[in-house]
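The walk-through below starts with the helices.

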Amino acid sequence: MKKTISILLLLALLLSIPVRADAEEIQSRAVIGADLNGEQIEAVYTMFGVKRGSVIELTMTNAEERASLAGYVDESLIGTRSISCVYVELLPEGSGMSVTTSNITWCTGEMYISALATAGITDARIIVAAPFEVSGTAALTGIYKAYEDMTGMKLDDLAKLVSTQELTITGDLAQEIGTMDSTSIVNDLKMMLDQTQQMSDEEIRDTIVQIAGRYNVKLTDAQIRQLIDLCRSLEGLNPDQLRQRVEEIQGTLQKVSEAKTKVVGFVQTVKKVIDSVSGFFKRISDLLDRFH
């Protein structure tokens, strides 16, 4: 009898212990470009800071990328091979977003965070990486694939398409006015979806000009047209849900902005010190020349 009780107690204890490996598998995914070789894949996992085999791995093909990006992203940015890779780890509700990149040249963390919020993802830690420099536009497709595989829930198709359009427009704007300003302008418009839905194109144009003015930015007619088109695409989404998502990522975007400002300030300080030291040695050199 005592032996039976002991066995039952042991079973109960074993059942009460969470299996960490399973929990981690459920909460994270790696999506690898189908055209990478073994050495390149290992390099990407090093960037992830994850050992290959410790996380469920999915594959992303160029055909899948094209199906998601066609009509929204320039052919030259999509390419003909699937190279971009992502590591996605779901976080508890309210944790916020964290996106870091490695060898990604066209998309920034802020752009990904903003576009992912449009698609419905706001709490996750994400790493976008490639074995060599790529634009990174196709990474959204991999992130969505990882998210849907982990949660078992399909993201809204329209939301995914609009987020792709948003990433493209934000990226184009960023080339001219900077990442933070372009992201801020787009998010301000998303916050106003319930209002822009009722506006004519001309009214939206005036609103865009006013918003850009708050950031001391002057947009071209072509850029304004892109933003009007984005507003029209957003009309198929729920204004309240979109506003909530944008509000949820504001803190994250602010922290990213502050961190970049500190880095820029530090670099400028270092440059001043270097210039000052260089100037000092030049004066010494000039002084010595006088004695020759």
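Helices α6 (residues 109–119) and α7 (residues 139–151) are oblique to each other, because their packing angle is about 45°. Oblique here excludes angles under 35 degrees (roughly parallel), over 145 (roughly antiparallel) and 65 to 115 (roughly perpendicular). Axes are lines fitted to C-alpha atoms over the stretch in contact, with angles from 0 to 180 degrees between N-to-C directions. The two axes lie 11 Å apart. On the α6 side, the contact (heavy atoms within 4.5 Å) is made by Tyr112, Ala115, Leu116 and Ala119. On the α7 side, Ala139, Leu140, Ile143 and Tyr144 make the contact.

This is a predicted model: local features need pLDDT of at least 70, side-chain atom pairs count only at pLDDT 80 or more, and totals for chains, interfaces and linings use all residues. Residues are numbered from 1 along each chain as its sequence is written, and side-chain values use heavy atoms, leaving out hydrogens and water.

Now the rings. The whole structure holds two aromatic pairs, meaning Phe, Tyr or Trp (six-membered ring) centres within 6.5 Å; planes under 30 degrees apart are stacked, over 60 edge-to-face, the rest tilted. Tyr45 and Phe48 pair edge-to-face, at 5.8 Å centre to centre and 80° between the planes. They sit three residues apart in helix α3 (residues 38–48), so about one helical turn separates them. Phe48 also pairs with Tyr87, tilted, at 5.9 Å and 40°. Tyr87 lies in strand β3 (residues 85–90), so this pair ties together parts 39 residues apart in sequence.

Conventions: Helix = DSSP H or I, 4+ residues; strand = E, 2+ residues; numbered from the N terminus.
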